[in-house]
Amino acid sequence: MAFAGLPLMLLVGALARIPGSEGGKETPAHFLVQSKQECRFLNGTQRVRLLDRQIYDRQEYARFDSDLGKYVALTEFGKVDVDKWNSDKQGLQYWKAGVDFFCRNNYEGLQRNSVVGQRAKPTVTISPTKMEPDSPNIILLCIATGFYPVEIEIQWLKNGQPEKEGVAYGEELQNGDWTYQLMVMLETQPQRGDVYTCKVEHASLEAPITVQWEPRTSSSAKSKLWTGIMGAVIGVAFFSVGLFSYLRAKKAIPIQPPAALMN
């Protein structure tokens, strides 16, 4: 995470010398000089990096880097200033101490009053869609929404095994409320019995979220199946009625006695 501040005293100090104005060169009528300070945090305040960036007309020409403990020149124009600033031991000590009194102190305030350190759990859904009506392939979209911070890991599994072919990642999109959304696509040709799982890992979760999807029989296949079942049922019914009628008719035929007994 990066956090930027802009102390006025540093901006005024940056105006003391304009890059390119030395050597009798005429100063442009319009120019922009900026001094920006950035605090970069890794794992909270476990590791903090402070940058004092000097910018002239949108080009950074020198910076102080707390990891190096000194100023470094980024252009030829910055070398003169860097030599001067690095010879000022008191000034360097000020910026080295800024890691604590500027960055860490501000981080604690931000943590109490802003989204720093906040967590929002993602909501995960799977959306299947057909590429073409006659194509055996489908596209499965795993959609994670409403999560913060932005770092998230989404993985497709097929029958418990990671899928690598046909996977495409979208870009993290901001929702306008500090949360994000991300879609991960899987193009596949599902078979009956396959189980697809979207697995999501995020800092807000104690355990990964898993959502499953299984291919279902198509509407036409279902229709044919039910037609066959109904045909079989009707056939059995007609067979039963015919057999019952035959047995009933056979039972009704009188038994004729032998001719010898009739005489």
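Here are some notes on this predicted model, point by point.

1. Ground rules. Because the model is predicted, local features are taken at pLDDT of at least 70 and side-chain atom pairs at pLDDT 80 or more, while totals for chains, interfaces and linings use all residues. Residues are numbered from 1 along each chain as its sequence is written, and side-chain values use heavy atoms, with hydrogens and water left out.

2. The disulfides. A search of the whole structure turns up two disulfides, a disulfide being a pair of cysteine sulfur atoms within 2.5 Å. Counting bonded cysteines along the chain, the pattern is 1-2, 3-4. As a reminder, a disulfide is a covalent bond between the sulfur atoms of two cysteines.

3. Cys 39 with Cys 103. The S to S distance in this pair is 2.1 Å. Cys 39 sits in strand β2 (residues 33-42) and Cys 103 in helix α3 (residues 89-113), so the bond ties together parts that are 64 residues apart in sequence.

4. Cys 142 with Cys 198. In this disulfide the sulfur atoms are 1.8 Å apart. Cys 142 belongs to strand β7 and Cys 198 to strand β13 (residues 196-202), so the pair ties together parts that are 56 residues apart in sequence. With a torsion of about -75 degrees about the S-S bond, the disulfide is left-handed. Cys 142 has a relative accessible area of 0% and is buried; Cys 198 is buried at 0% as well.

5. A nonpolar core is a set of buried Ala, Val, Leu, Ile, Met, Phe, Trp, Tyr and Cys residues joined through side-chain atoms within 4.5 Å. The largest has 20 residues, and those with the most contacts inside it include Cys 142, Ile 154 and Cys 198. Leaving out residues up to four places away in sequence, Ile 154 touches residues including Cys 142, Leu 182, Cys 198 and Val 200; contact means heavy atoms within 4.5 Å. Apart from this core lies another, of 17 residues, among them Phe 41, Val 82, Trp 95 and Cys 103.

6. An open sheet. Four strands line up in the order β9-β8-β13-β14, with antiparallel pairing. Two strands pair if DSSP finds at least two bridges between them. At the edges are β9 (161-162) and β14 (209-213), each pairing on one side only. Strand β8 (residues 152-158) and β9 are joined by two bridges, and Leu 157 has Pro 162 in β9 as its bridge partner.

7. Helix α2. Which residues of α2 (residues 78-86) are buried? They are Gly 78, Asp 81, Val 82 and Asn 86. These residues cover an arc of only 125 degrees around the axis, which puts them on the same side of α2; the arc is that of the directions from the helix axis to the C-beta atoms. Val 80, Asp 83 and Lys 84 are exposed on the other side.

8. Backbone spots to check. Tyr 148 and Pro 149 are joined by a cis peptide bond, with omega about 5 degrees; Pro 149 is in the loop between β7 (138-147) and β8. Arg 58 is not a glycine, yet has a positive phi of about 70 degrees. Arg 58 lies in the loop between β3 (47-56) and β4 (59-65) and is exposed at 78% relative accessibility. Trp 178 also has a positive phi, near 80 degrees. Its place is in the loop between β11 (173-174) and β12 (180-188), and at 58% relative accessibility Trp 178 counts as exposed.

How values were computed
Buried means under 20% relative accessible area, exposed over 50%, partly exposed in between (1.4 Å probe, protein chains only).
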